[in-house]
Amino acid sequence: MVSMEQEFTIDMNGFGIHAKIDFPKEKKEKMPLVLLCHGLTGHMEEWHIWGIRDSITDCGYICLRIELYGHGKTDGAFYDHDLEKWVEEICFCIDYAKGLPFVSDVVLAGHSQGGLATIMTAGVAGEKLKAIIPLSPALNIPVDCRRGGFFGTIFDREGLPETVTFWECNDLGRNYFEVAKKIDASEAIRNYTGPVLLVHGGDDGAVPCKYSVEAAKEFPQATLALLDGDGHCYEHHLDLAKEAVETFLRSL
């Protein structure tokens with residue numbers, strides 16, 4: 001249960017990151033915090049993000065939701081965003097959260113592309129994190145971009161165009177794909193040794209669940225919550241996704 005919500009902007013050297021912080025009903029002098037990120041084309045007010053937020057605060061954690069480059073009310077154009085920028089912003093927000101006087105530990109969670117960014121961040125800044133929760137992590141993005149595909153759009157992997165249009169109306173610049181092609185998710189996974197919860201719908205049509213199944217085998221300390229019959233945003237079993245998150249957080 002959320003007792004109080006505050007909306008503000010985190011200033012990253014002149015770049016504004018839109019944020020909201022939600023506190024649990026019962027407050028303590030020091031509390032753990034979950035930094036929660038959305039996915040590609042998403043934002044902090046999506047219903048599955050709300051659901052995970054409620055799970056976080058219900059078990060006594062603070063939830064800090066952020067919107068990343070080119071999404072929601074955060075600075076930057078969607079066209080210009082890439083995963084390196086997202087990881088840079090997440091790392092900055094981790095340091096911001098750890099500097100708050102009422103925060104003890106930080107857990108990082110992210111959905112879809114935010115789940116991939118969560119894994120990438122853990123690979124370079126894992127020592128700052130108590131645990132990570134990749135939710136339907138889009139580990140297919142670097143794989144597909146190296147093959148010349150992106151969520152149904154096919155492009156020349158050798159001679160990338162200036163602009164790639166996907167889902168009919170979303171445009172991304174060439175740099176997004178140049179960055180994505182270089183991502184080594186397996187290296188990031190090997191570099192992170194802390195506790196991990198992977199949550200994935202068994203019928204995810206955007207990111208096949210096999211990616212989380214394989215990642216769970218690679219992480220040293222991984223729990224996999226595979227939701228049979230569910231989709232990418234937990235359209236059918238959000239309650240089970242929430243339950244998995246609560247059980248994991250209470251175990252830390």
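User: Which residues in H8 are buried?

Analyst: In H8, Leu238, Ala241, Ala244, Val245, Glu246, Phe248 and Leu249 are buried, a word used for residues under 20% relative accessible area, with exposed meaning over 50% and partly exposed in between (1.4 Å probe, protein chains only). The model is predicted: local features need pLDDT of at least 70, side-chain atom pairs count only at pLDDT 80 or more, and totals for chains, interfaces and linings use all residues. Residues are numbered from 1 along each chain as its sequence is written, and side-chain values use heavy atoms, with hydrogens and water left out.

User: What covers the buried residues of H8?

Analyst: The cover includes helix H1 (47–58) and strands E3 (31–37), E5 (103–111), E6 (131–135), E11 (195–201) and E12 (221–227). Helices (H or I, at least four residues) and strands (E, at least two) are DSSP runs, numbered from the N terminus.

User: How many residues has helix H8, and what does it reach from its first C-alpha to its last?

Analyst: Helix H8 (residues 238–251) has 14 residues and reaches 20 Å, close to the 20 Å expected at 1.5 Å a residue. The expected span is 1.5 Å times one less than the number of residues.

User: Why is serine 136 called buried?

Analyst: Serine 136 is at 0% relative accessibility, so it counts as buried. Serine 136 is found in the loop between E6 and helix H4 (140–147), and its phi is near 45°, a positive value in a residue other than glycine.

User: Why is asparagine 13 called exposed?

Analyst: Its relative accessible area is 75%, so asparagine 13 is exposed. Asparagine 13 is found in the loop between strand E1 (2–12) and strand E2 (15–24), and has a positive phi of about 55° although it is not a glycine.

User: Which residues touch the most other members of the largest nonpolar core?

Analyst: Of its 88 residues, these are Ile66, Ile141, Phe150 and Leu249. H2 gives the most to this core, with 8 residues. A nonpolar core is a set of buried Ala, Val, Leu, Ile, Met, Phe, Trp, Tyr and Cys residues joined through side-chain atoms within 4.5 Å.

User: Which residues does isoleucine 141 touch?

Analyst: Not counting residues up to four places away in sequence, isoleucine 141 touches Leu83, Gln113, Leu116, Phe150, Phe151, Tyr176 and Ala180. Contact means heavy atoms within 4.5 Å.

User: How do the residues of the lining of the largest pocket divide?

Analyst: They divide into 6 nonpolar, 2 polar and 4 charged. Ala, Val, Leu, Ile, Met, Phe, Trp, Tyr, Cys and Pro count as nonpolar, Asp, Glu, Lys and Arg as charged, and the others, Gly among them, as polar.
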